[in-house]
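I opened the model to take notes on its two chains and on how they meet. The entries follow the order in which I looked things up.

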Amino acid sequence: MMQTFTQFGASDIFSALGIDWKMLVFQIIGFVILVWLMTKFVYPPLIKTIDARQEKIEASNEAAKAAEEKAANATKEIAKLLTEARKEAAEIVTTAKEEATAIATDTEAKSKQEAERIVAAAQESIAKEVLAAKKALHNETIELVAAATEKVVGKNVSAAVDAKVIKTALEESN
Amino acid sequence: MQGKISRRKLALFVADAVESRHTLGSVLRDVAAYLVDTKRTREAELLVRAIEDELAQRGIVVAHVVTARPLERELEQAIKELIDARELHLDSEIDESVIGGVRIETPGKLLDATIKHKLLALHQAKI
């Protein structure tokens, strides 16, 4: 190649192509130095920063996953709590209904009992009043009969009637 | 000093005298004197009843008869038949308040068939 270059003249080709080979070498050296500088001073902190960021992102992802799991668990827990709460509420409602029914039944029975007692008391009172009225009538009748008999018989008992009364009494007791 | 003679013994003593009839007058006087002497005159009524009871046991009955009018002989006879005693003494009393009928009281028995009693019974029938 060098022979070709030298044959045709290397500087002539670079010149023909518009390349200054001295400049090119200089640029290559400069590029190598830049790469070395970058490798030495720029890339390590950059990579470190990237790694740190990567770690942060991974930690964030894990935290997000954990949060998601927690959220899922919390949802499950909430659902469970809701189910229990509904069940408990249903039990409370059922108990309340049963108690209300029992109270209503008890109240009804008590009311019925009280009504029966009042009716019985009224009937007893009426019966007593009727009995008292009957007694009063009976006594009044006796009183009237006795008074009338005493007045009529006391004046009209003749000796013959008296003798007949005595005779009858003696015969009855004989 | 002798102890107190019981009413029962006195009644027996008088009943014996009534039955024998010989010493009745003196016995009654003695008993009356005894009652006065022992200050037991309050017991006279009870003693008479005791004597009547004793005599009734021996068949001698004293019947206390109360009527509004004097008893006819026929009714007296009916009363004697009713009482059925060996010896009957009727102690009749007229009491107009009985209105009518008869009340016969013998020791241990009482028949009250007076109109007054019946009216009283009617009064007592009140409730």
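Starting from the N terminus, I read the elements of chain A as α-α-α-α, and the tally for this chain is 4 helices and 0 strands. I took helices (H or I, at least four residues) and strands (E, at least two) as DSSP runs, numbered from the N terminus. What I am reading is a predicted model, in which local features need pLDDT of at least 70 and side-chain atom pairs count only at pLDDT 80 or more, while totals for chains, interfaces and linings use all residues. Residues are numbered from 1 along each chain as its sequence is written, and chains are lettered from A and ligands numbered from 1 in the order in which they are written.

**Confidence.** I looked up pLDDT, the predictor's confidence in each residue, from 0 to 100. Chain A has a mean pLDDT of 89, with 94% of its residues at 70 or more. For chain B the mean is 87, and 98% of its residues reach 70 or more. Within chain B, the lowest mean, 86, belongs to helix H4 (residues 73-83), and the highest, 91, to S3(B). For the model I noted ipTM 0.73 and pTM 0.51.

**Burial and layout.** I counted a residue as buried if 20 or more other C-beta atoms lie within 10 Å of its own, as exposed if 12 or fewer do, and as partly exposed in between, with C-beta atoms placed from the backbone. On that count, 2% of the 174 residues of chain A are buried, and in chain B buried residues make up 22% of 127. Chain B holds 5 helices and 4 strands, in the pattern α-α-α-β-α-β-β-β-α along the sequence. For contacts I used C-beta atoms, placed from the backbone, that lie within 7 Å. In chain B, 62% of the contacts with a separation of 6 or more are between residues 24 or more positions apart.

**Helix H3 of chain B.** I checked the length of H3(B), residues 44-57: at 1.5 Å a residue its 14 residues should span 20 Å, and the end C-alpha atoms are 20 Å apart, which agrees. The expected span here is 1.5 Å times one less than the number of residues. Which residues of H3(B) are buried? I listed B:Leu47, B:Ala50, B:Ile51, B:Glu52, B:Glu54 and B:Leu55. Their cover includes helix H1 (7-20) and strand S1 (60-67) of chain B. Just after H3(B), B:Gly59 takes a positive phi of about 90°.

**Strands of chain B.** I treated two strands as paired if DSSP finds at least two bridges between them. S3(B) and S4(B) form a hairpin with 2 residues between them, and B:Gly108 in the turn has a positive phi of about 85°.

**Positive phi outside glycine.** B:Lys39, in the loop between helix H2 (24-37) and H3 of chain B, has a positive phi near 55°. Is B:Lys39 buried or exposed? It counts as exposed because it has 8 C-beta neighbours inside 10 Å. B:Ile99, in the loop between strand S2 (87-94) and S3 of chain B, has a positive phi near 70°. B:Ile99 counts as buried, because 21 C-beta neighbours lie inside 10 Å.

**Core.** I took a nonpolar core as a set of buried Ala, Val, Leu, Ile, Met, Phe, Trp, Tyr and Cys residues joined through C-beta atoms within 7 Å. The largest core has 20 residues, of which B:Ala11, B:Val14, B:Ala15, B:Ile51, B:Ala63 and B:Ile104 touch the most other members. At least two core residues come from each of H4 of chain A and H1, H3, S1 and S3 of chain B. H1(B) gives the largest share, 5 residues.

**Where the chains meet.** The contact between the chains takes 22 residues from chain A and 21 residues from chain B. On the side of chain A that touches chain B, the elements giving two or more residues are helix H3 (21-156) and helix H4 (159-173) of chain A.

Methods. Two residues are in contact if their C-beta atoms, placed from the backbone, lie within 7 Å.
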